[in-house]
Number of protein chains: 2
Amino acid sequence: MSELIEKCSAAKAIKNKLAVAPSTEKDRALTEIANALINNSAYILKENSKDIDNAILANMPIGMIDRLKLTEERIRAMADGVRDIIKLNDPVGEVTGITERPNGLKIGKKRVPIGVIGIIYESRPNVTVDAACLCLKSSNAVILRGGKEAINSNIALVEVMRKALLLSRIPQDSIQILNDTSRETATEFMKQNEYLDLLIPRGGAGLIKSVVQNATVPVIETGTGNCHIFVDETADVDMACEIIINAKTQRTSVCNACESLLIHENIAEKILPRLNKELTAKNVMIKACEQARKLMNDAVIATEEDYGTEYLDLIISVKVVADIDEAIEHINKYNTGHSEAIITESYKNSEKFLNEVDAACVYVNASTRFTDGFEFGFGAEIGISTQKLHARGPMGLNELTSYKYIIYGNGQVRG
Amino acid sequence: MSELIEKCSAAKAIKNKLAVAPSTEKDRALTEIANALINNSAYILKENSKDIDNAILANMPIGMIDRLKLTEERIRAMADGVRDIIKLNDPVGEVTGITERPNGLKIGKKRVPIGVIGIIYESRPNVTVDAACLCLKSSNAVILRGGKEAINSNIALVEVMRKALLLSRIPQDSIQILNDTSRETATEFMKQNEYLDLLIPRGGAGLIKSVVQNATVPVIETGTGNCHIFVDETADVDMACEIIINAKTQRTSVCNACESLLIHENIAEKILPRLNKELTAKNVMIKACEQARKLMNDAVIATEEDYGTEYLDLIISVKVVADIDEAIEHINKYNTGHSEAIITESYKNSEKFLNEVDAACVYVNASTRFTDGFEFGFGAEIGISTQKLHARGPMGLNELTSYKYIIYGNGQVRG
C-alpha cells in the first residue's frame, strides 16, 4: 500500500472516534502539543536548519528563506497560537433550531466535523502546526501535504505533535503528513474522494489553480486577492489617502492588500497629485490610466493586464471612472472575490456598493487589510475563502464544520 | 462562439442585476411563469409528444416513458409548484449578527445568491420548471442541461418561462437551457469555472459520479441513498415492522427508501419471521446473511456486494448484528451519507446512534422516507445533498444562497 493510501485509510479509520471526542480531551491534547513544541525546539530547529541549508544551496530568494526559517521565538509563537486555539469555543455538537413538524417529528440541526481534511500548502512551516491544531479543535482528522522546501521542518513538527497526542486520548492519526512531496502524489491526493471530505489549498495562485483543476474532492479556494479601493466623489480626502496608504503598504505580500484604485473623476484633481506624492514616498510604483497619469507625474501607463493583476508588491494600478456604476462594473469584472472598499460620505452610494459588489468582504470607509480571522473576531483562521460554496471570507472553526439533521420520532411513517 | 459559452456569458452578464432584484419582481415573474405554463399547455404537450414518440421508437422501458410523459394534470401540478415557491420567504438580503469590533468596525453577514448555477439532470421534465423557479426565487441565474430524451419538452418549457419573464423586470437570461445535449458539451459545461459558481447534478449514481469526476466547478453531490434501519434489541416490534414496510415499499425508486436492515441478534427470533412474511407479502425480495436466513424462509443469501447496493427496487438486504456498535460500524462503512434510522426504546442507544452515525439525516423511531424538503418544512427542495460541504440533506432556498461580509467603518486602518 502506498504511503498516501495508508495515511488516508488511517485517517478514515479514526475519524468517527475523533468526531465524538469530548472538548476536554481535545484541549488536553492541544496543551500537550503546545508544551511539546517548546520542549522539542532544539530538535525542530536542527531539522529546520537542513531545510535552510538546502534553500541556500538552491539559491532561494532571501525573502523565502526568511519565511522558511524557524527560531526559538517563532516556535514560541507557534505554541502560543496553539494555546489561543485552546481558548476558543469548541464548535462541534451544538444543536440548533429543533422544530416540531405537524406529524410530531422533531427535527434539529447538529454541528459536526467535516471529517478528513487535506491541506496542501507551500513553504511556511507554521502552517503545519496552525492547520493541524485548528482541525483537531474542530474534530477533523487532517492530512498535511506541505512544500518540499520545508519537508524536514514539517516532518519534525508533525512527529512532535503526534508524540504529544499519545499523552491524550485523541487518536494519533488525527494528525498526519505526507513525506512524499512529489507532484504526482499531490495529484493523486486530490482525487481521494473515498477518504477525503475536503481539500484546502493554501498558497499562491498557481497552487490554487492546480488544485481546482485537478481535484475531484470538494475544494475550498482560498487566498488570491485583487482588492480594489474606490474613492467616491464625496470621499474625505484625508481618510481616503490614509486608507489607501495602509491597504497598499502596511504589508504588501498578503492577499488583503490593495492592488488597484478607482477614482471618481470629480475628485481626481483633488486626490491624485497627493496620492502620487504619498505613494511614491513609500516606494510604490504607480500604473495609471491616461486620465490619472495627467495628475500623477510618477505614474507609468497601465495596461488591461494590470487591472487583472494581484501584484503582492509595491505596485498599484489607478483608473479614473465616471461614476459609481462604472466603478462597480469594473470591480465585478476584475476582482477575485476577496475584499473591496468604497471611501464615501454618501449614504446612498455606501449602500449601493455594499449591495452590488460581489466579493467575500465589502467595506465602507475602512482598509481592506482587515479581512482576517483574527481581525473579524474568530480568534484564528484556516484561510480566506474566495468561493461562494460552504464558506466565504475568513474561515474560522465554525467554517471547518458541517451539520447533520437529527430527527426524533415515535413511530412515524410516510403516508 | 459556442452555444455553451454564449449562454454562460449571458448568465454571467445578468447575475449581478438578478442578485439585487426585489422580491416583488421575482414573485411577479414567477406568477407570470405559472400562468404561462397553463396558457401554453397545448404547445408543451405537443412538444412532449415528440419525446414520447422517440422514446417508444427507442424501446424505452415503460416506467421511464411514464416519467417523461406530460399531461394537462402534470402541467397544472408544475404551475401549482411554482405558486408554492412564490409563497416561500425570499432568502436573499437578510443580514445577521452585526457585531462591533473593538476598533469600531461593524461587521455583518449578508445572505446573497450563489450566482450562476448549472443543473445537470436526467429525463423528468418537471425538474426543468422546479429547478428554474427555485433558482429564480433565490436570485440565482440557472443554466439547465437536461437529458436528450426530454429535450423537446425541456426546450418548450424554457421557451414558455423565458417569454413569461418578458412580462416582468427579471432578465430573460436568468433561465437558460442548453439545446446541445451531447456528452462532450456536458463535460465542457462542468469546467466553466469562469462562469459557473455551482453545479448540481440530479439523477442516478452514474450521472453524479461522472459530474464529481469531471467537474472543476464546485459541485454539490445529491441523491444516492443506501439507507439502513437498525432494529435494536429493545425495539417495539410493531413499530419496527411498520416503519420497515413503509421505508422499503411505500415508494421504491426514491433515494430515501430503505435498502438494508440490521437486526440486533437478541430480537432476531422475534422479528425476522414476521418481517419475512410481511415483506414477502409486499413482493419484496430478501437477501439475508446466514444467521438471518435461518429465520427467513424466503430469503436468498446476501453477498458483500449487496450491503453496498442501492437497489431502488423491491429488494432488501438483512444482516444480524451482535450489538449497536457493530450496527454503527456497518452503517458507517456502507452508507452513502443519506438517511439512517434506529428503532429502539433505549435512551442511551438512541443518543449513541444520533451521535455516531455519519449521515445527512439520522432518525430515531421514524421512517427514512421523511428526508425531503417538503417533509422538513422547507416548502421545496432542489435536491438532497450527500456531501458535507455547504449543505447536507434536503436543500431548500436557503441552501441556494451564500453570504458576504459587509463592513461599516469610519476610517479604520490596520496597525
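Predicted model: local features only at pLDDT ≥ 70, side-chain atom pairs only at ≥ 80, totals over all residues.

Which residue of chain A comes closest to the rotation axis? It is A:His390, whose C-alpha lies at 1.8 Å from that axis.

**Symmetry**

- Chain A is superposed on chain B by a rotation of 180° with 0.0 Å of shift along its axis, and the RMSD is 0.0 Å.
- The two copies are therefore related as by a two-fold rotation axis.
- Both copies use the same surface, in that 100% of the contact residues of chain A recur in chain B.

**Contact between the chains**

- Chain A contributes 57 residues to the contact, and chain B contributes 57 residues.
- On the side of chain A that touches chain B, at least two residues come from each of α9 (205-214), α10 (237-249), α15, β13 and β16 (401-412) of chain A.
- The element that gives the most to this side is β16(A), with 11 residues.
- By class, the residues on this side of chain A are 26 nonpolar, 21 polar and 10 charged.
- Strand β16(A) also pairs with strand β13 (residues 361-366) of chain B, in the parallel sense and over five bridges.
- Within β13(B), the residue opposite A:Tyr405 is B:Cys361.

**A sheet with strands from both chains**

- An open sheet of 10 strands, with mixed pairing, runs in the order β10(A)-β9(A)-β11(A)-β8(A)-β7(A)-β12(A)-β13(A)-β16(B)-β2(B)-β1(B).
- Its edge strands, each of which pairs on one side only, are β10 (300-301) of chain A and β1 (95-100) of chain B.
- In chain B, strand β2 (residues 106-113) and strand β16 (residues 401-412) are antiparallel partners over eight bridges.
- B:Lys110 has B:Lys404 in β16(B) as its bridge partner.

**Helices on the sheet**

- Helix α14 (residues 324-334) of chain A packs on the sheet, where it touches β7 (227-231), β8 (258-264), β11 (315-321) and β12 (339-343) of chain A.
- The direction of helix α14 of chain A makes about 140° with that of β11(A).
- Helix α15 (residues 347-356) of chain A lies across strands of both chains, namely β12 and β13 (361-366) of chain A and β16 of chain B.
- Helix α15 of chain A runs at about 160° to β13(A).

**Helix pair α10 and α11 in chain A**

- Two packed helices are described by the angle between their axes and the distance between the axes.
- For α10(A) and helix α11 (residues 265-281) of chain A, the angle is about 35° and the axes are 11 Å apart.
- The crossing of α10(A) and α11(A) is right-handed.
- A:Val237, A:Ala240, A:Cys241, A:Ile244, A:Ile245 and A:Lys248 are the residues that α10(A) brings to this contact.
- They meet A:Lys270, A:Ile271, A:Arg274, A:Leu275, A:Glu278 and A:Leu279 of α11(A).
- The contact of α10(A) with α11(A) comprises eight nonpolar, no polar and four charged residues.

**Helix pair α10 and α11 in chain B**

- Helix α10 (residues 237-249) of chain B packs with helix α11 (residues 265-281) of chain B at about 35°, their axes being 11 Å apart.
- Helices α10(B) and α11(B) make a right-handed crossing.
- Among the residues that meet here are B:Val237 and B:Ile244 in α10(B), and B:Ile271 and B:Leu275 in α11(B).
- Eight nonpolar, no polar and four charged residues make up the contact of α10(B) with α11(B).

Technical notes
Residues numbered from 1 in each chain as written. Chains lettered and ligands numbered in written order. Pairing = 2+ DSSP bridges. Helix = DSSP H or I, 4+ residues; strand = E, 2+ residues; numbered from the N terminus. Contact = placed C-beta atoms within 7 Å. Axes fitted to C-alpha atoms, helices over the stretch in contact; angles between N-to-C directions. Nonpolar A, V, L, I, M, F, W, Y, C, P; charged D, E, K, R; others polar. Left-handed = near helix turned anticlockwise from the far one by under 90°. Least-squares fit on C-alpha atoms with pLDDT ≥ 70 in both.
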